[in-house]
Amino acid sequence: MAKTRYFVSDDKKAKEETTKKVKNKIHNTKKKERVYNVKVKPNVWGRKREDSKIKKVKQISNPNPKYPGKAPVPKELLEKYSRGDGINKSGIKTGIYKKKLEHKERNIEFTTEQAARVEILLTEDTGYLEAEDGETTTQFTQKQIADSVDIAAASKSFDLKLMDFGPYCAKYTRNGRHLLLGGKKGHVAAFDWFTKKLYCELNVMESVHDVCWLHIETMFAIAQKEWVYIYDNQGIELHCLKRLNRVTKMEFLPYHFLLATASDQGYLSWLDISIGEIVTQYNTKLGRLTMLTQNPYNAVLCLGHAKGVVSMWSPNTRDPLAKILCHKSTMTALHVDPKGLYMATAATDRSLKIWDVRKLSGPLQSYNLRSAPTHVALSQKSLLALGMGNVVEIYRDSCTTPTRTPYLRHRFNIPINSFNFCPYEDVLGVGTEWGFTSLLVPGAGEPNFDALEANPYQTKSQRQESEVKSLLEKIQPDLITLDPTSIAEIDIPTLKDKVEAKRKLLFVKPPKINYEPRRKGKGKGGSAKIFKNKKIVQELAKKEFVKDVKVVTTEMRSKKVAKNKKPKNVLDRFLPKK
Amino acid sequence: MKVKVISRNPDEYLRDTKKDLYKVPRNFDPDLHPFEAAREYVRALNAVKLERVFAKPFVTSLDGHRDAVSCIAKNPTELSVLVSASYDGEVRVWDLAQRKCLRDFLAHEGVIRGVTYIPDGNQFITLADDKTIKTWKTQMPQFGEDEEPVNTILSKTVIGGISHCVRGTKFATCGEVCQLWEQTRNEPIRTYQWGVDSLHDVRFNPVECNILAACASDRSIILYDTRDSGPIRKVVMKMRTNRLSWNPMEAFVFTSANEDYNLYTFDTRHLKHPTNVHMDHVSAVTDVDYSPTGKEFVSGSYDRTIRIFECDKGHSRDVYHTKRMQRLTSVKWTLDNKYILSGSDEMNIRVWKARASEKLGPLKPRERLALNYSEALKEKYAHHPQID
């Protein structure tokens, strides 16, 4: 009745009409005063039907077709920035949620498009090396490459001769600015390799097995003969972690602040460096662990074993999350690429396989090489480096397409000990028997960094701020799973889980209640009364629990009984009620 | 041979002088931002924790009344002014910004049942059990002048509630009957009656000024149209409705505070069922008031708590309570959508923040951005047990 009054239009005719209607209604109302007796039980009635009657505004078409609007974004670019397909809306029953989700989807699409559009603002381009007719890229030596690039880039190719304490292992920081060298015979050096400024150099007077930067460049960990030590960038020993015993390999998980170590006796441990406590430590029961790498996509640790098996570990379960038989002979090396897409494994039978880490059903590529690779590494742009004795070979596109010829090759006079690609740079840092060599590999690194994620040109205050921020955003170790996006998905207990939970109730002991009565003021109940109260509360809780269990058991029993129920008799109604 | 190696000019990445802002090149490639979901979750969790830390809703208490506060009225033109009336017939005018009582005078002999400002804010009307309706100036009397009403109307019947139309000069009172008054006249211009039961609250619709809603003691809510000669609708509940409030944004919706501990939201277009039932109070709900945005409302109850509900939710978002606060008699949501005012039995008027952890005062743009971001995150991860 009152509805028309809400939407009175300004037209004279309409006004007259409405006034007429109102007059009519005044006459009618006297007869039709309505009374609604409301049921207090909420039978909630949506406003959908009434709202749907309101007319929708028509969309105006573009008045000036000369200017059709923004340029379309190429599909591949949108795909790069998209977080997957939207949800299937067909299953949503209520209109309001359908609309809400549609709105959300539109927002997500908009953000993807914006992110894709912003790409033209990126300033740097990827490096490349192209051969002319009659040449191959393999034939170019480091000297030739260094000579033909600009001076600043050429200074990134250098050689450190450290004959006395080798062989060396080397690690870059997450932003690629700082380098940590560890010689087997105890020599440790940390420096800014852009400016070649040395932070510290020390001899730990013990054997060094592995080195590892922590979350910032002022701290690093060294796996020494017995224990793991933490030093600051002046070379001062900060901690000696005796619980990490005889460690062979270390990895740092930057978003979780975990230092993961693999030991000689087969122990895996995760140490939370922000609070200095070991999160978990257990024996893998797989013997000596020599190959350890992390999957940067989901922070799962990958171990390579002598049986040709790769196992994946998280601190939450004592069993491996996955175990893959990769090779038929002893494995020599494995590495997961920084995007967490590909895993490269190598074995003594001269085979090299590339796997899709998310699928693991079969290798993407399988290669047979001339000699067995002892080291592998994948770069940010998925270049593959292989170390075979004293030769480093770098392959391009080897993950997606089978490749035969190497992209680059470098031969040393001495055997290689380890190598790593430098993030955000076209550089491969190789630790050898006699020192460290930095090789130029055009096209290896991501040219555009994100300053809020990893910034090579970070100042001290920026570093301090980002340290605080990242500590606040520390991800709990419980969230380390194979699929890191699972936290954003819906968790629906299956029927099996529900039944299982109910059944479990039968065998659970009543919970112990540690109830501490509040101390009221003086003279309000002595210790005897408090004790009494305590007893009462505990008894009550126990009774309630027993009641719950009873309900469940009777429910379960009644289901069984219901099956062998006799057919109903007419005279049953006179039986006493149960 | 064509070769190019990444070579960055440091000048492009470092600031020129110490007073410059740092350069922050961004790259939104999802591969460079791992653990997106987990980090967002942690941020949401931190935001929730901070919200709990900063949740200090109580702002101040205005004391001065010598008897329980019976009703409060907001000034429609000034945010900082508030008028309150008590059971002993005293009226007080408060300055909220200074937390001071500006004026106090004995207005009536007997319990003041209702107080309301007229829309231009120059005058306010009080009515009491002594059957008088008095109009007062908002302006303070000059030095030496006495507090005297501008106008006094003697009603023939007992009156229990008042509501002024948002536009125009009409106001309505309720009691034995519902009466419609004009400011300039001393006789009601219209009288409505439905049955014999008395009414204890009346509210004008804030948008459609001809619609009135009143709560009757026969457990019903009655809708009147002032253009009609009689009432038009009646909703009979299981128990008595104490107060009601119209949604200022969707003025066809009103919420009633019921004796049965619940609040009921009705759509006037469909009165057969309430569109929503808001539960959580553990005693009779005595007052309800909508926020000016129309998205939330506040309710006060005999259980000595104030609860804030979102319009479309069945349970309350927040509950406010202090040790010394007794039964609530009236609650109001201020017109700047920031504060809640509550008058209670123990003579105090309390000022609360509408959002418990909100920062008072102006926000810097970055601050606002961060707050908006964490708000969005909280909504995204609302279904996680730790965040909700």
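Here are a few notes on salt bridges, one hairpin and one annotated span in this predicted model.

1. Ground rules. Local features here need pLDDT of at least 70 and side-chain atom pairs count only at pLDDT 80 or more, while totals for chains, interfaces and linings use all residues. Residues are numbered from 1 along each chain as its sequence is written, chains are lettered from A in the order in which they are written, and side-chain values use heavy atoms, with hydrogens and water left out.

2. Salt bridges in chain A. Over all chains there are 47 salt bridges (a side-chain nitrogen of Lys or Arg within 4 Å of a carboxyl oxygen of Asp or Glu). One of them joins D210(A) and K171(A), 3.6 Å from N to O. That pair links strand β8 (residues 208-213) to strand β4 (residues 168-172) of chain A, with the partners 39 residues apart (strands are DSSP E runs of at least two residues, numbered from the N terminus). D210(A) is buried at 4% relative accessible area, and K171(A) is buried at 18% (buried is under 20%, exposed over 50%, partly exposed in between, with a 1.4 Å probe and protein chains only).

3. K161(A) pairs with D159(A), closest N and O atoms 3.9 Å apart. K161(A) is exposed at 63%; D159(A) is partly exposed at 44%.

4. β7(B) runs antiparallel to β8 (residues 123-128) of chain B, joined by 5 bridges (pairing takes at least two DSSP bridges). Y117(B) sits opposite F124(B), and G121(B) has a positive phi near 80°.

Technical notes
Helices (H or I, at least four residues) and strands (E, at least two) are DSSP runs, numbered from the N terminus.
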